[in-house]
Amino acid sequence: MELIFATGNPNKLKEASAILGKNVTLIMPKKLGYKGEIPETGLTIDDNSKMKCRFIWNKFNRTCFADDTALEVYSLGGAPGVYSARYASLDPPTLDLFPDPAIPALSAADHNDAANRAKLLSELYKVDKRKKNIRAARFRTVITLIHKGTLYTFEGKLEGTIAEKESGLGGFGYDSIFIPEGCSCTFAEMSETQKNAMSHRGIAMRKLANFLSRLQ
């Protein structure tokens, strides 16, 4: 089965391909000639996931899916949340879980993983040390699929903590500072197989894979 994955991120493509398996072939929009940006100006990751998927469906009228992921740190009111990919570009640094619609949308050029991680670690050091579980966090992924004009959604969640410093060379995004619940190492210290077996995106992707298997 061939699917368009509404992303320009090769790391996401590689991860999704590994989880969905050899029976599913993923194509990024740029391979079909679209090299522009895919809009993601929603107020929640649910909105963004649906927006990206509808955009690609309307452009190509082919089965497609999109995902959006948020890292939510409880002591920061849920930040970076929907702004996870652009956190370092935003001011003020600590944002509420429910975003301010007045904050302008940012482009892919504003994504900087290293800067996002550095900013998050810096913000956590400013939190009142009398608070409990300052570093408690969760990852949440929402996947939207459009097949024959019908929209479906799949969600994955994973609790964990934010490490005090970066560790590991694998993964991408916040992987080098996120320690999954029950583990003693970050995602970036795990193999791709270990990470995919437990990650938020892996959970959502397997739900998608199970659904797709019933279509074939």
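User: In which sense do β3 and β4 pair, and over how many bridges?

Analyst: Two strands count as paired if DSSP finds at least two bridges between them. Strands (E, at least two residues) and helices (H or I, at least four) are DSSP runs, numbered from the N terminus. Here, β3 and β4 pair in the antiparallel sense over two bridges, with Glu72 opposite Pro80 in β4. Residues are numbered from 1 along each chain as its sequence is written, and side-chain values use heavy atoms, leaving out hydrogens and water. This is a predicted model: local features need pLDDT of at least 70 and side-chain atom pairs count only at pLDDT 80 or more, whereas totals for chains, interfaces and linings use all residues.

User: With which other strands does β3 pair, and in which sense?

Analyst: Strand β1 (residues 2-5) pairs with β3 in the parallel sense over two bridges, and Ile4 stands opposite Cys64 in β3. Strand β5 (residues 136-147) pairs with β3 in the antiparallel sense over ten bridges; there, Asp67 faces Ile143 in β5.

User: How many residues of β3 are buried?

Analyst: Buried means under 20% relative accessible area, exposed over 50%, and partly exposed in between (1.4 Å probe, protein chains only). In β3, ten of its ten residues are buried. Cys64, Ala66, Asp68, Ala70 and Glu72 point one way from the strand, while Phe65, Asp67, Thr69, Leu71 and Val73 point the other way, and all are buried.

User: Are Asn133 and Lys148 buried or exposed?

Analyst: Asn133 counts as exposed because its relative accessible area is 61%. Lys148 is exposed because its relative accessibility is 71%.

User: What surrounds Ser75, and what does its side chain reach?

Analyst: Contact means heavy atoms within 4.5 Å. A polar contact is a pair of N or O atoms within 3.5 Å; within protein, one must be able to donate a hydrogen and the other to accept it, and residues adjacent in sequence count only if both atoms are side-chain atoms. Ser75 lies in the loop between β3 (64-73) and β4 (80-81) and counts as buried because its relative accessible area is 15%. Ser75 touches Leu124, Val127, Lys131 and Ile134, not counting residues up to four places away in sequence. The side chain of Ser75 reaches the backbone oxygen of Ile134 at 2.6 Å.

User: How does the span of α3 agree with its 13 residues?

Analyst: The expected span of a helix is 1.5 Å times one less than its number of residues. The 13 residues of α3 should therefore span 18 Å, and its end C-alpha atoms are 19 Å apart, which agrees. At the N-terminal end, Asn112 caps α3: a side-chain oxygen lies 3.3 Å from the backbone nitrogen of Ala114. Buried residues in α3 include Leu120, Leu121 and Leu124, and what covers the buried residues of α3 includes β3, β4 and β6.
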